[in-house]
Amino acid sequence: MERNPENDVYPTQERSDRETEDATAGADESETVTRTESTAVSSVGPDSGPGPDPGPDPAPNSTPGSGSVASAETDLDPDPETVTFGWEGVRTGFLTCLPVALGVGGYGIAFGVLANQAGLSVAEAVLMSATVVAGASQIVAIELWGDPIPIAAVLVTTFAINLRYSLMGAALQPWFKHLSASKVYGSLFVMADENWALTMRNLRSGDGYGAFLLGSGFAVWLFWVGATVVGAVAGGVVGDPTEYGFDFILAAVFLALAAELWEGKSSLVPWTVALAAAIVAAELVPGRWYILLGGLAAAAVEVIRYDQ
Amino acid sequence: MISDALSLDPLVVGVILGMAAVTVLTKVGGIWIVRRFELSDRLEAGLNVLPGAIVIAVLGPELVNGGPAEWGAAVVVLVVMWRTESILLALCAGVLSVVGFRALL
(Lines give C-alpha, C1' and ligand atoms only; values in the text may rest on other atoms or scores of the structure.)
Protein backbone atom coordinates (compact mmCIF):
# COMPACT_ATOMS: atom_id res chain seq x y z
CA MET A 1 0.00 0.00 0.00
CA GLU A 2 1.36 3.37 -0.94
CA ARG A 3 1.19 6.39 1.22
CA ASN A 4 2.62 9.82 0.88
CA PRO A 5 4.22 10.69 4.15
CA GLU A 6 4.06 14.41 3.45
CA ASN A 7 0.31 14.27 3.47
CA ASP A 8 0.02 12.57 6.77
CA VAL A 9 0.19 15.41 9.20
CA TYR A 10 -0.87 19.00 9.44
CA PRO A 11 -2.41 19.18 6.01
CA THR A 12 -4.50 22.18 6.83
CA GLN A 13 -3.07 24.68 4.38
CA GLU A 14 -1.61 22.40 1.74
CA ARG A 15 -4.90 20.72 1.20
CA SER A 16 -6.96 23.73 0.31
CA ASP A 17 -5.71 23.88 -3.25
CA ARG A 18 -6.84 20.37 -3.88
CA GLU A 19 -10.36 21.17 -2.95
CA THR A 20 -10.89 22.83 -6.30
CA GLU A 21 -10.42 19.51 -8.00
CA ASP A 22 -12.93 17.93 -5.72
CA ALA A 23 -14.52 15.12 -7.63
CA THR A 24 -17.77 14.92 -5.78
CA ALA A 25 -21.10 16.23 -6.89
CA GLY A 26 -22.00 17.95 -3.68
CA ALA A 27 -18.63 19.53 -3.04
CA ASP A 28 -18.86 23.06 -1.83
CA GLU A 29 -16.21 24.95 0.08
CA SER A 30 -13.05 23.41 1.39
CA GLU A 31 -13.62 21.43 4.45
CA THR A 32 -10.64 21.03 6.64
CA VAL A 33 -11.47 20.75 10.24
CA THR A 34 -8.83 20.90 12.84
CA ARG A 35 -9.33 19.07 16.02
CA THR A 36 -8.14 21.05 18.91
CA GLU A 37 -9.14 18.94 21.84
CA SER A 38 -7.17 15.86 21.00
CA THR A 39 -3.69 15.35 22.21
CA ALA A 40 -3.21 12.43 19.91
CA VAL A 41 -0.45 12.35 17.36
CA SER A 42 -0.98 11.24 13.81
CA SER A 43 1.19 8.39 12.78
CA VAL A 44 3.62 9.14 10.00
CA GLY A 45 4.69 6.57 7.50
CA PRO A 46 3.59 2.98 7.71
CA ASP A 47 0.63 2.06 9.79
CA SER A 48 0.92 1.08 13.33
CA GLY A 49 0.74 -2.65 13.07
CA PRO A 50 -0.80 -5.16 15.39
CA GLY A 51 1.97 -4.72 17.93
CA PRO A 52 2.58 -1.06 18.64
CA ASP A 53 -0.95 0.16 18.09
CA PRO A 54 -1.26 3.36 20.03
CA GLY A 55 -4.58 2.61 21.62
CA PRO A 56 -8.30 2.16 21.22
CA ASP A 57 -10.48 3.65 18.54
CA PRO A 58 -11.11 7.32 18.36
CA ALA A 59 -14.12 8.18 20.41
CA PRO A 60 -17.14 8.45 18.17
CA ASN A 61 -17.92 11.89 19.38
CA SER A 62 -21.22 12.51 17.76
CA THR A 63 -21.87 16.04 18.84
CA PRO A 64 -20.32 18.26 16.23
CA GLY A 65 -19.25 21.57 17.62
CA SER A 66 -19.77 20.62 21.21
CA GLY A 67 -16.04 20.29 21.70
CA SER A 68 -16.52 17.56 24.21
CA VAL A 69 -13.25 15.97 25.11
CA ALA A 70 -12.58 12.30 24.77
CA SER A 71 -13.66 10.58 27.91
CA ALA A 72 -11.28 9.06 30.38
CA GLU A 73 -11.97 5.67 28.87
CA THR A 74 -10.62 6.71 25.52
CA ASP A 75 -7.80 9.12 26.21
CA LEU A 76 -5.34 6.98 24.31
CA ASP A 77 -7.11 7.91 21.08
CA PRO A 78 -5.12 8.06 17.91
CA ASP A 79 -7.65 10.62 16.75
CA PRO A 80 -6.98 12.20 13.42
CA GLU A 81 -6.20 15.85 13.86
CA THR A 82 -7.71 16.77 10.57
CA VAL A 83 -10.07 15.17 8.14
CA THR A 84 -9.92 16.52 4.63
CA PHE A 85 -12.08 15.83 1.64
CA GLY A 86 -10.32 16.26 -1.65
CA TRP A 87 -8.83 14.81 -4.75
CA GLU A 88 -5.84 13.29 -2.95
CA GLY A 89 -8.15 11.17 -0.81
CA VAL A 90 -10.21 10.06 -3.79
CA ARG A 91 -7.05 9.10 -5.65
CA THR A 92 -5.47 7.28 -2.72
CA GLY A 93 -8.68 5.39 -2.07
CA PHE A 94 -9.09 4.46 -5.70
CA LEU A 95 -5.52 3.20 -6.11
CA THR A 96 -5.46 1.36 -2.79
CA CYS A 97 -8.69 -0.39 -3.65
CA LEU A 98 -7.79 -1.39 -7.22
CA PRO A 99 -6.44 -4.88 -6.44
CA VAL A 100 -9.40 -5.54 -4.19
CA ALA A 101 -11.80 -4.19 -6.81
CA LEU A 102 -10.34 -6.68 -9.26
CA GLY A 103 -11.52 -9.45 -6.98
CA VAL A 104 -14.92 -7.78 -6.67
CA GLY A 105 -15.00 -7.89 -10.46
CA GLY A 106 -14.80 -11.68 -10.25
CA TYR A 107 -18.08 -11.61 -8.38
CA GLY A 108 -19.55 -9.05 -10.74
CA ILE A 109 -19.07 -11.54 -13.55
CA ALA A 110 -20.76 -14.23 -11.49
CA PHE A 111 -23.63 -11.88 -10.75
CA GLY A 112 -23.98 -10.97 -14.43
CA VAL A 113 -24.15 -14.63 -15.38
CA LEU A 114 -26.77 -15.36 -12.72
CA ALA A 115 -28.83 -12.32 -13.69
CA ASN A 116 -28.71 -13.43 -17.30
CA GLN A 117 -29.91 -16.88 -16.34
CA ALA A 118 -32.70 -15.40 -14.21
CA GLY A 119 -34.02 -13.62 -17.30
CA LEU A 120 -32.79 -10.08 -16.72
CA SER A 121 -31.61 -8.19 -19.77
CA VAL A 122 -28.07 -6.84 -19.83
CA ALA A 123 -29.44 -3.34 -19.27
CA GLU A 124 -31.47 -4.45 -16.26
CA ALA A 125 -28.54 -6.33 -14.70
CA VAL A 126 -26.28 -3.31 -15.17
CA LEU A 127 -28.92 -0.96 -13.76
CA MET A 128 -29.10 -3.11 -10.65
CA SER A 129 -25.33 -3.20 -10.18
CA ALA A 130 -25.01 0.54 -10.77
CA THR A 131 -27.77 1.61 -8.39
CA VAL A 132 -27.83 -1.04 -5.65
CA VAL A 133 -24.03 -1.57 -5.35
CA ALA A 134 -24.32 -4.35 -2.78
CA GLY A 135 -23.09 -7.68 -4.08
CA ALA A 136 -24.45 -10.24 -1.64
CA SER A 137 -27.96 -8.77 -1.64
CA GLN A 138 -28.02 -8.60 -5.44
CA ILE A 139 -27.03 -12.25 -5.81
CA VAL A 140 -29.64 -13.33 -3.28
CA ALA A 141 -32.28 -11.17 -4.97
CA ILE A 142 -31.48 -12.83 -8.27
CA GLU A 143 -31.89 -16.21 -6.64
CA LEU A 144 -35.33 -15.16 -5.44
CA TRP A 145 -36.23 -13.70 -8.85
CA GLY A 146 -39.11 -15.37 -10.69
CA ASP A 147 -42.22 -14.74 -12.69
CA PRO A 148 -44.06 -12.97 -11.16
CA ILE A 149 -41.27 -11.21 -9.27
CA PRO A 150 -41.71 -11.72 -5.50
CA ILE A 151 -41.41 -7.99 -4.89
CA ALA A 152 -41.91 -7.97 -1.12
CA ALA A 153 -39.50 -10.85 -0.56
CA VAL A 154 -36.86 -9.23 -2.73
CA LEU A 155 -37.12 -5.86 -0.98
CA VAL A 156 -37.26 -7.24 2.57
CA THR A 157 -34.35 -9.60 1.92
CA THR A 158 -32.31 -6.79 0.41
CA PHE A 159 -32.96 -4.68 3.47
CA ALA A 160 -32.07 -7.48 5.86
CA ILE A 161 -28.86 -8.40 4.09
CA ASN A 162 -27.72 -4.80 3.86
CA LEU A 163 -28.67 -3.67 7.35
CA ARG A 164 -25.08 -4.36 8.40
CA TYR A 165 -24.09 -1.28 6.40
CA SER A 166 -25.84 0.89 8.99
CA LEU A 167 -23.42 -0.36 11.58
CA MET A 168 -20.43 0.02 9.29
CA GLY A 169 -21.46 3.56 8.42
CA ALA A 170 -21.90 4.46 12.07
CA ALA A 171 -18.38 3.23 12.75
CA LEU A 172 -17.05 5.91 10.39
CA GLN A 173 -18.64 8.70 12.38
CA PRO A 174 -15.52 9.67 14.40
CA TRP A 175 -13.99 10.92 11.14
CA PHE A 176 -17.07 11.69 9.10
CA LYS A 177 -18.45 14.04 11.72
CA HIS A 178 -15.98 16.56 10.29
CA LEU A 179 -17.59 16.38 6.85
CA SER A 180 -20.75 17.92 5.47
CA ALA A 181 -23.85 15.81 5.05
CA SER A 182 -23.70 15.76 1.26
CA LYS A 183 -20.14 14.41 1.30
CA VAL A 184 -20.94 11.78 3.90
CA TYR A 185 -24.10 10.53 2.26
CA GLY A 186 -22.63 10.72 -1.23
CA SER A 187 -19.67 8.60 -0.15
CA LEU A 188 -21.87 6.07 1.61
CA PHE A 189 -23.67 5.30 -1.64
CA VAL A 190 -20.58 3.43 -2.89
CA MET A 191 -19.77 1.78 0.44
CA ALA A 192 -19.26 -1.98 0.19
CA ASP A 193 -17.69 -4.41 2.64
CA GLU A 194 -14.31 -4.35 0.97
CA ASN A 195 -13.83 -0.63 0.66
CA TRP A 196 -15.31 -0.01 4.10
CA ALA A 197 -12.54 -2.18 5.51
CA LEU A 198 -9.85 -0.35 3.55
CA THR A 199 -11.32 3.02 4.53
CA MET A 200 -11.38 2.08 8.19
CA ARG A 201 -7.73 1.12 7.89
CA ASN A 202 -6.74 4.34 6.18
CA LEU A 203 -8.63 6.62 8.55
CA ARG A 204 -7.18 4.88 11.58
CA SER A 205 -3.69 5.42 10.21
CA GLY A 206 -4.27 9.14 10.63
CA ASP A 207 -4.13 10.18 6.99
CA GLY A 208 -7.39 12.01 7.42
CA TYR A 209 -8.55 11.29 3.91
CA GLY A 210 -12.29 11.83 4.25
CA ALA A 211 -12.72 11.08 0.54
CA PHE A 212 -11.02 7.68 0.79
CA LEU A 213 -14.39 5.91 0.99
CA LEU A 214 -15.58 7.70 -2.14
CA GLY A 215 -12.44 6.92 -4.13
CA SER A 216 -12.22 3.29 -3.06
CA GLY A 217 -15.97 2.93 -3.55
CA PHE A 218 -15.66 4.29 -7.06
CA ALA A 219 -13.07 1.60 -7.83
CA VAL A 220 -15.44 -1.06 -6.52
CA TRP A 221 -18.35 0.45 -8.42
CA LEU A 222 -16.40 0.59 -11.68
CA PHE A 223 -15.31 -3.03 -11.55
CA TRP A 224 -18.64 -4.24 -10.22
CA VAL A 225 -20.62 -2.58 -13.01
CA GLY A 226 -18.07 -3.40 -15.72
CA ALA A 227 -17.90 -7.03 -14.66
CA THR A 228 -21.70 -7.22 -14.61
CA VAL A 229 -21.72 -6.23 -18.28
CA VAL A 230 -19.14 -8.90 -19.06
CA GLY A 231 -21.00 -11.59 -17.12
CA ALA A 232 -24.42 -10.70 -18.47
CA VAL A 233 -23.18 -10.65 -22.06
CA ALA A 234 -20.95 -13.70 -21.78
CA GLY A 235 -23.67 -15.71 -20.08
CA GLY A 236 -22.56 -19.14 -18.97
CA VAL A 237 -19.13 -19.05 -20.60
CA VAL A 238 -17.25 -17.81 -17.54
CA GLY A 239 -16.01 -20.11 -14.84
CA ASP A 240 -16.38 -20.15 -11.10
CA PRO A 241 -14.64 -17.34 -9.13
CA THR A 242 -13.59 -19.80 -6.43
CA GLU A 243 -11.27 -21.40 -8.98
CA TYR A 244 -8.99 -18.38 -8.77
CA GLY A 245 -9.32 -17.85 -5.07
CA PHE A 246 -11.44 -14.72 -5.57
CA ASP A 247 -13.84 -15.94 -2.92
CA PHE A 248 -11.05 -15.59 -0.36
CA ILE A 249 -10.31 -11.92 -1.05
CA LEU A 250 -13.03 -10.59 1.24
CA ALA A 251 -11.86 -12.79 4.09
CA ALA A 252 -8.25 -11.77 3.43
CA VAL A 253 -9.09 -8.05 3.54
CA PHE A 254 -10.94 -8.51 6.81
CA LEU A 255 -8.15 -10.63 8.31
CA ALA A 256 -5.63 -7.94 7.46
CA LEU A 257 -7.88 -5.36 9.06
CA ALA A 258 -8.35 -7.53 12.13
CA ALA A 259 -4.57 -7.71 12.54
CA GLU A 260 -4.50 -3.92 12.67
CA LEU A 261 -7.58 -3.40 14.78
CA TRP A 262 -6.34 -5.66 17.55
CA GLU A 263 -5.65 -3.52 20.58
CA GLY A 264 -4.56 -6.13 23.04
CA LYS A 265 -6.50 -6.84 26.20
CA SER A 266 -9.20 -4.23 25.60
CA SER A 267 -10.21 -6.01 22.40
CA LEU A 268 -10.45 -9.42 23.99
CA VAL A 269 -13.95 -9.21 25.50
CA PRO A 270 -15.76 -7.43 22.62
CA TRP A 271 -14.10 -9.64 20.01
CA THR A 272 -14.92 -12.84 21.86
CA VAL A 273 -18.52 -11.71 22.24
CA ALA A 274 -18.75 -10.75 18.56
CA LEU A 275 -17.21 -14.03 17.46
CA ALA A 276 -19.48 -16.17 19.62
CA ALA A 277 -22.62 -14.21 18.74
CA ALA A 278 -21.85 -14.26 15.02
CA ILE A 279 -21.12 -17.98 14.90
CA VAL A 280 -24.25 -18.85 16.86
CA ALA A 281 -26.38 -16.43 14.83
CA ALA A 282 -25.01 -17.77 11.55
CA GLU A 283 -26.24 -21.20 12.59
CA LEU A 284 -29.68 -20.07 13.73
CA VAL A 285 -30.63 -17.10 11.55
CA PRO A 286 -30.74 -17.08 7.76
CA GLY A 287 -29.04 -14.48 5.61
CA ARG A 288 -26.42 -12.10 6.89
CA TRP A 289 -28.04 -11.10 10.15
CA TYR A 290 -25.13 -12.65 11.98
CA ILE A 291 -22.87 -9.68 11.09
CA LEU A 292 -25.32 -7.24 12.58
CA LEU A 293 -25.99 -9.42 15.61
CA GLY A 294 -22.29 -10.00 16.28
CA GLY A 295 -21.52 -6.29 16.10
CA LEU A 296 -24.49 -5.31 18.23
CA ALA A 297 -23.74 -7.95 20.88
CA ALA A 298 -20.19 -6.66 21.29
CA ALA A 299 -21.37 -3.04 21.46
CA ALA A 300 -24.06 -3.96 24.00
CA VAL A 301 -21.58 -5.76 26.24
CA GLU A 302 -19.25 -2.77 26.05
CA VAL A 303 -22.07 -0.41 26.98
CA ILE A 304 -22.92 -2.59 29.98
CA ARG A 305 -19.27 -2.91 31.03
CA TYR A 306 -18.67 0.82 30.81
CA ASP A 307 -17.41 2.25 34.12
CA GLN A 308 -16.52 -1.12 35.49
CA MET B 1 -30.75 -9.66 -29.96
CA ILE B 2 -29.28 -6.24 -29.23
CA SER B 3 -32.70 -4.84 -28.44
CA ASP B 4 -33.25 -7.78 -26.06
CA ALA B 5 -30.07 -6.94 -24.22
CA LEU B 6 -31.09 -3.32 -23.84
CA SER B 7 -34.74 -3.93 -22.99
CA LEU B 8 -35.98 -2.46 -19.73
CA ASP B 9 -39.18 -3.88 -18.30
CA PRO B 10 -40.90 -1.13 -16.27
CA LEU B 11 -41.77 -3.52 -13.45
CA VAL B 12 -38.22 -4.89 -13.28
CA VAL B 13 -36.83 -1.35 -13.27
CA GLY B 14 -39.24 -0.47 -10.49
CA VAL B 15 -38.14 -3.41 -8.33
CA ILE B 16 -34.47 -2.60 -8.98
CA LEU B 17 -34.97 1.03 -7.98
CA GLY B 18 -36.84 -0.18 -4.91
CA MET B 19 -33.85 -2.35 -4.00
CA ALA B 20 -31.57 0.64 -4.57
CA ALA B 21 -33.70 2.83 -2.29
CA VAL B 22 -33.79 0.22 0.46
CA THR B 23 -30.03 -0.26 0.22
CA VAL B 24 -29.30 3.46 0.40
CA LEU B 25 -31.47 3.55 3.49
CA THR B 26 -29.33 0.89 5.16
CA LYS B 27 -26.05 2.49 4.13
CA VAL B 28 -27.03 5.95 5.31
CA GLY B 29 -29.31 5.05 8.22
CA GLY B 30 -26.73 4.24 10.89
CA ILE B 31 -24.64 7.37 10.49
CA TRP B 32 -27.79 9.47 10.07
CA ILE B 33 -28.87 8.38 13.53
CA VAL B 34 -25.50 8.94 15.22
CA ARG B 35 -25.13 12.34 13.53
CA ARG B 36 -28.53 13.45 14.67
CA PHE B 37 -28.62 12.40 18.28
CA GLU B 38 -26.23 13.16 21.04
CA LEU B 39 -24.79 9.96 22.37
CA SER B 40 -23.72 9.40 25.94
CA ASP B 41 -20.13 8.40 26.70
CA ARG B 42 -21.45 5.00 27.53
CA LEU B 43 -22.97 4.57 24.08
CA GLU B 44 -19.85 5.96 22.48
CA ALA B 45 -17.80 3.29 24.23
CA GLY B 46 -20.10 0.75 22.62
CA LEU B 47 -19.73 2.38 19.22
CA ASN B 48 -15.97 2.32 19.70
CA VAL B 49 -15.75 -1.45 19.60
CA LEU B 50 -17.90 -1.72 16.46
CA PRO B 51 -15.16 -1.81 13.81
CA GLY B 52 -13.31 -4.73 15.36
CA ALA B 53 -16.54 -6.47 16.30
CA ILE B 54 -17.95 -6.20 12.76
CA VAL B 55 -14.72 -7.50 11.29
CA ILE B 56 -14.76 -10.48 13.63
CA ALA B 57 -18.47 -11.08 13.02
CA VAL B 58 -17.82 -11.21 9.27
CA LEU B 59 -14.78 -13.45 9.65
CA GLY B 60 -15.96 -15.92 12.29
CA PRO B 61 -18.70 -17.76 10.37
CA GLU B 62 -16.76 -17.41 7.13
CA LEU B 63 -13.78 -19.25 8.58
CA VAL B 64 -15.91 -21.76 10.48
CA ASN B 65 -17.56 -22.66 7.16
CA GLY B 66 -14.18 -22.93 5.49
CA GLY B 67 -11.83 -25.87 5.64
CA PRO B 68 -8.11 -26.46 6.26
CA ALA B 69 -7.23 -24.61 3.03
CA GLU B 70 -8.98 -21.43 4.19
CA TRP B 71 -7.61 -21.74 7.74
CA GLY B 72 -4.10 -22.17 6.44
CA ALA B 73 -4.47 -19.20 4.11
CA ALA B 74 -5.89 -17.15 7.00
CA VAL B 75 -2.75 -17.84 9.02
CA VAL B 76 -0.65 -16.84 6.01
CA VAL B 77 -2.53 -13.51 5.72
CA LEU B 78 -2.07 -12.77 9.42
CA VAL B 79 1.63 -13.63 9.39
CA VAL B 80 2.35 -11.62 6.24
CA MET B 81 0.36 -8.72 7.62
CA TRP B 82 2.19 -8.88 10.92
CA ARG B 83 5.63 -9.06 9.28
CA THR B 84 5.16 -6.59 6.41
CA GLU B 85 2.13 -4.45 7.32
CA SER B 86 1.34 -4.42 3.62
CA ILE B 87 -2.24 -5.23 2.82
CA LEU B 88 -1.40 -5.84 -0.83
CA LEU B 89 1.24 -8.44 0.01
CA ALA B 90 -1.06 -10.03 2.56
CA LEU B 91 -3.88 -10.21 0.01
CA CYS B 92 -1.72 -11.74 -2.71
CA ALA B 93 -0.18 -14.24 -0.30
CA GLY B 94 -3.64 -15.17 1.00
CA VAL B 95 -5.20 -15.72 -2.41
CA LEU B 96 -2.22 -17.63 -3.76
CA SER B 97 -2.02 -19.82 -0.70
CA VAL B 98 -5.76 -20.57 -0.69
CA VAL B 99 -5.50 -21.71 -4.31
CA GLY B 100 -2.38 -23.73 -3.46
CA PHE B 101 -3.83 -25.31 -0.32
CA ARG B 102 -7.04 -26.20 -2.13
CA ALA B 103 -5.03 -28.00 -4.80
CA LEU B 104 -2.92 -29.80 -2.19
CA LEU B 105 -5.41 -30.62 0.55
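**View 1. Polar contacts between chain B and chain A.** In this predicted model, chain B and chain A share 15 residue pairs in polar contact, counting pairs with both residues at pLDDT 80 or more. Which helices of chain B supply at least two residues each to the side that touches chain A? They are α1 (2–6), α2 (10–36), α3 (41–48), α4 (50–65), α5 (68–84) and α6 (87–104). The largest share comes from α2(B), with 22 residues. Sort that side of chain B by class and you get 48 nonpolar, twelve polar and twelve charged residues.

View 2. As for head counts, the contact takes 72 residues from chain B and 100 residues from chain A.

View 3. Side chains of opposite charge can pair when their charged atoms come close.

**View 4. A salt bridge inside chain A.** Search the whole structure, over all chains, and six salt bridges come up. One pair to look at is Glu263(A) with Arg204(A), where the closest N and O atoms are 3.7 Å apart. Glu263(A) lies in the loop between α10 (249–261) and α11 (265–284) of chain A, while Arg204(A) is in helix α8 (residues 193–204) of chain A, so this pair ties together parts that are 59 residues apart in sequence.

**View 5. Two helices of chain A crossing.** To describe two packed helices, you give the angle between their axes and the distance between the axes. Helix α2 (residues 122–132) and helix α3 (residues 135–144), both of chain A, have axes that come within 10 Å and cross at roughly 145 degrees. The crossing of α2(A) and α3(A) is right-handed. Which residues make the contact? From α2(A) come Met128(A), Ser129(A) and Val132(A), and from α3(A) come Ser137(A), Gln138(A) and Ile142(A). By class, that's three nonpolar, three polar and no charged residues.

Technical notes. Residues are numbered from 1 along each chain as its sequence is written. Chains are lettered from A and ligands numbered from 1 in the order in which they are written. This is a predicted model: local features need pLDDT of at least 70, side-chain atom pairs count only at pLDDT 80 or more; totals for chains, interfaces and linings use all residues. Side-chain values use heavy atoms; hydrogens and water are left out. Axes are lines fitted to C-alpha atoms, for helices over the stretch in contact, and angles run from 0 to 180 degrees between N-to-C directions. Helices (H or I, at least four residues) and strands (E, at least two) are DSSP runs, numbered from the N terminus. A crossing is left-handed if the near helix is turned anticlockwise from the far one by less than a right angle, and right-handed if clockwise. Contact means heavy atoms within 4.5 Å. Ala, Val, Leu, Ile, Met, Phe, Trp, Tyr, Cys and Pro count as nonpolar, Asp, Glu, Lys and Arg as charged, and the others, Gly among them, as polar. A polar contact is a pair of N or O atoms within 3.5 Å; within protein, one must be able to donate a hydrogen and the other to accept it, and residues adjacent in sequence count only if both atoms are side-chain atoms. A salt bridge is a side-chain nitrogen of Lys or Arg within 4 Å of a carboxyl oxygen of Asp or Glu.
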